[in-house]
Amino acid sequence: MIILIIILSLAVCILGYTSYNLFKKVEQLEKIVDSQEQYVSRFSDAVGYTKKRLDDIDAKGTFESDDEIGWFFESVKTLQRELNDFNINENRRNQQPTQPNNRG
């Protein structure tokens with residue numbers, strides 16, 4: 001009977017330590033995820049601001065008349081279109097809410 005109590009006590013101690021250790025690791029990973037989410041949000045805001053400013057500049061058409069500047073401006077617009085795919089805030093707005101499957 002004493003051996004059973006010792007084995008169970010040892011198992012409780014081991015499980016308690018591993019649970020505490022995993023809990024601390026999860027907390028650290030949550031902090032990392034939060035900081036990365038803030039970074040991605042700031043990056044998305046910057047991409048959105050750049051898109052707005054580039055659209056404002058493009059609306060005037062001042063850069064398209066010069067050949068060298070026009071070529072560079074077209075490259076910047078192409079790069080901006082690629083960055084728009086990574087704009088998290090805009091992508092979230094465009095997503096349709098998903099309907100849960102009714103499995104009855």
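User: Which helix is Leu 8 found in?
Analyst: Leu 8 sits in helix 1. Keep in mind that this is a predicted model.

User: Is Leu 8 buried, partly exposed or exposed?
Analyst: Partly exposed, because its relative accessibility is 49% and the exposed class only begins over 50%.

User: How many residues does helix 1 have, and how far does it reach?
Analyst: Helix 1 has 59 residues. From first C-alpha to last it reaches 87 Å. That is close to the 87 Å expected at 1.5 Å a residue.

User: Which residues of helix 1 are buried?
Analyst: Ser 44, Val 47 and Leu 54.

User: And what share of the chain is buried?
Analyst: 9% of the 104 residues count as buried.

User: Switching to charges. How many salt bridges?
Analyst: The count is one salt bridge. Lys 24 pairs with Glu 27. Their closest N and O atoms are 3.7 Å apart, and the cut-off is 4 Å.

User: Why are Lys 24 and Glu 27 separated by about one helical turn?
Analyst: Because they are three residues apart in helix 1, which covers residues 2-60. As background, side chains of opposite charge can pair when their charged atoms come close.

User: Rings next. How many aromatic pairs?
Analyst: One aromatic pair. Tyr 39 and Phe 43 form it, and it is stacked. The centres are 6.4 Å apart, with 25 degrees between the planes.

User: Where do Tyr 39 and Phe 43 lie?
Analyst: Both lie in helix 1. They are four residues apart, about one turn of the helix.

User: How accessible is Phe 43?
Analyst: Phe 43 has 36% relative accessibility, so it counts as partly exposed.

User: Zooming out. How many helices and strands?
Analyst: Three helices and zero strands. From the N terminus on, the order is α-α-α.

User: What share of contacts joins residues at least 24 apart?
Analyst: 53%, among contacts between residues at least 6 apart in sequence.

Conventions. Residues are numbered from 1 along each chain as its sequence is written. This is a predicted model: local features need pLDDT of at least 70, side-chain atom pairs count only at pLDDT 80 or more; totals for chains, interfaces and linings use all residues. Side-chain values use heavy atoms; hydrogens and water are left out. A salt bridge is a side-chain nitrogen of Lys or Arg within 4 Å of a carboxyl oxygen of Asp or Glu. Helices (H or I, at least four residues) and strands (E, at least two) are DSSP runs, numbered from the N terminus. Buried means under 20% relative accessible area, exposed over 50%, partly exposed in between (1.4 Å probe, protein chains only). Contact means heavy atoms within 4.5 Å. Rings of Phe, Tyr and Trp (its six-membered ring) pair if their centres lie within 6.5 Å; planes under 30 degrees apart count as stacked, over 60 as edge-to-face and the rest as tilted. The expected span of a helix is 1.5 Å times one less than its number of residues.
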